[in-house]
Amino acid sequence: MAQLNPDSRELTIKVVYYGPGLSGKTTNLQALFHKMDPKVRGRLMTLDTKDDRTLFFDMMPVFFRSAAGVKVKLKLYTVPGQVMHESTRRIVLQGSDGVAFIADARRSERQVTSTYWHDMIRNLQANGLDPRGLPIVIQANKCDLPDVRTAAAEFADLRDLVQPPVIPAVAIRGEGVVETLHALLAALYRSLDARLGLARTLRVGEDEFLGRVFAQVDLAGTRLTRVSP
Ligand SMILES: Nc1nc2c(ncn2[C@@H]2O[C@H](COP(=O)(O)OP(=O)(O)O)[C@@H](O)[C@H]2O)c(=O)[nH]1
Ligand SMILES: [Mg+2]
């Protein structure tokens with residue numbers, strides 16, 4: 001979980017992009033990387049193998065400093081999707097502050113998606129993280145393909161224990177990618193504020209927190225809406 005280092009006034013936040021292999025996790029990070037101003041983003045580290053699959057994880061840091069001098073480091077990770085990397089998926093989830101679950105929205109992928117979702121819930125619990133208290137969003141990716149689920153009601157098979165928002169996306173075109181991160185960070189801010197008192201003790205408000213990240217993002221074609229608590 002995110003910790004504040006009181007001496008350096010530095011807050012490190014971990015966000016994980018989880019989901020089955022080939023659902024579009026790396027594509028999300030790549031799209032974000034290209035939309036983000038180099039001033040706030042670090043290097044995108046991807047360790048894809050030649051068959052297009054993530055072997056260990058991808059990571060991209062995003063940095064900003066608040067007006068009150070708090071340095072925020074946001075680290076975006078992906079997990080490998082292949083079944084044989086189950087233990088790696090569990091380890092990457094350790095200490096996460098929020099999860100974007102990237103689903104391939106095609107109905108043909110429904111069973112695999114459900115398996116990975118419930119595997120994530122178990123892995124969170126194995127790491128001592130209560131999914132009911134963790135900011136989570138579901139991205140319905142690949143909405144450019146035929147026979148997809150896009151409405152939250154069509155993801156009832158995932159939304160039993162928790163009911164995260166469902167955000168439609170076409171990550172290869174960069175659509176829905178910023179919306180997904182924005183919805184997650186809005187929920188994440190509230191959870192961190194409740195735990196660490198970001199507004200009260202650090203004087204970092206929600207508008208500033210989201211503003212500092214998304215002011216540096218190319219928002220062409222993006223519609224950000226406020227997500228209700
Ligand atoms: N049609 C379509 N393909 C996508 C989309 N997003 C990702 N892909 C493709 O799906 C494959 C797997 O994507 P990748 O990001 O590597 O998946 P990961 O295993 O979850 O990291 C790649 O060939 C991507 O180009 C999308 O929105 N629509
Ligand atoms: Mg990948």
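Select Ser191 to begin: this residue lies in helix H4, where helices (H or I, at least four residues) and strands (E, at least two) are DSSP runs, numbered from the N terminus. What you have open is a predicted model, in which local features need pLDDT of at least 70 and side-chain atom pairs count only at pLDDT 80 or more, while totals for chains, interfaces and linings use all residues. Residues are numbered from 1 along each chain as its sequence is written, and chains are lettered from A and ligands numbered from 1 in the order in which they are written.

**Along helix H4**

Ser191 counts as partly exposed because it has 16 C-beta neighbours inside 10 Å; by the cut-offs used here, a residue is buried if 20 or more other C-beta atoms lie within 10 Å of its own, exposed if 12 or fewer, and partly exposed in between, with C-beta atoms placed from the backbone.

Now select the whole of H4, residues 177–196, which has 20 residues and reaches 28 Å from its first C-alpha to its last, close to the 28 Å expected at 1.5 Å a residue; the expected span is 1.5 Å times one less than the number of residues. Asp193 is also found in helix H4, and with 18 other C-beta atoms within 10 Å it is partly exposed. Leaving aside its neighbours within four places in sequence, Asp193 is in contact with Leu198 and Ala199, two residues being in contact if their C-beta atoms, placed from the backbone, lie within 7 Å. Gly69, by comparison, is 124 residues from Asp193 along the chain, and the C-alpha atoms of the two are separated by 17 Å. Just after H4, Gly197 takes a positive phi of about 65 degrees.

**The nonpolar core**

Which residues have the most contacts inside the largest nonpolar core? Select Val16, Tyr17, Leu76, Ala100, Phe101, Ile138 and Leu184, which hold that place in a core of 58 residues; H4 gives the most to this core, with 10 residues. A nonpolar core here is a set of buried Ala, Val, Leu, Ile, Met, Phe, Trp, Tyr and Cys residues joined through C-beta atoms within 7 Å.

Centre the view on Val16, and, setting aside its neighbours within four places in sequence, you will find it in contact with Tyr77, Val79, Val92, Leu93, Ser96 and Val99. Then move to Val137, which lies in strand S6 and is buried, with 24 other C-beta atoms within 10 Å. Beyond four places in sequence, the contacts of Val137 are with Ala100, Pro164, Pro165, Ile167, Thr180, Ala183 and Leu184.

**Around ligand 1**

Select ligand 1 next, which is surrounded by 21 residues, the closest being Gly24, Lys25, Thr26, Thr27 and Lys142; a residue is near a molecule if its C-beta atom, placed from the backbone, lies within 6 Å of it. Helix H1 (residues 25–35) supplies the largest share of this shell, three residues. Coloured by type, the shell divides into six nonpolar, 10 polar and five charged residues, where Ala, Val, Leu, Ile, Met, Phe, Trp, Tyr, Cys and Pro count as nonpolar, Asp, Glu, Lys and Arg as charged, and the others, Gly among them, as polar.

Most residues other than glycine have a negative phi. Asp147, in the loop between strand S6 (136–141) and strand S7 (166–168), has a phi near 60 degrees, a positive value, and counts as exposed because it has 8 C-beta neighbours inside 10 Å. Arg203, in the loop between helix H5 (198–202) and helix H6 (206–214), likewise has a positive phi, near 55 degrees, but with 14 C-beta neighbours inside 10 Å it counts as partly exposed.

Finish this part at Ser108, in the loop between strand S5 (98–104) and helix H3 (110–126), which counts as exposed with 11 C-beta neighbours inside 10 Å. Ser108 and Asp37 are 71 residues apart in sequence and 37 Å apart in space, C-alpha to C-alpha.

**The whole chain**

Zoom out to the protein chain, which holds six helices and seven strands, running β-β-α-β-β-α-β-α-β-β-α-α-α from the N terminus on. Its C-alpha trace spans about 50 × 40 × 35 Å along the principal axes, and buried residues make up 41% of the 229 residues.
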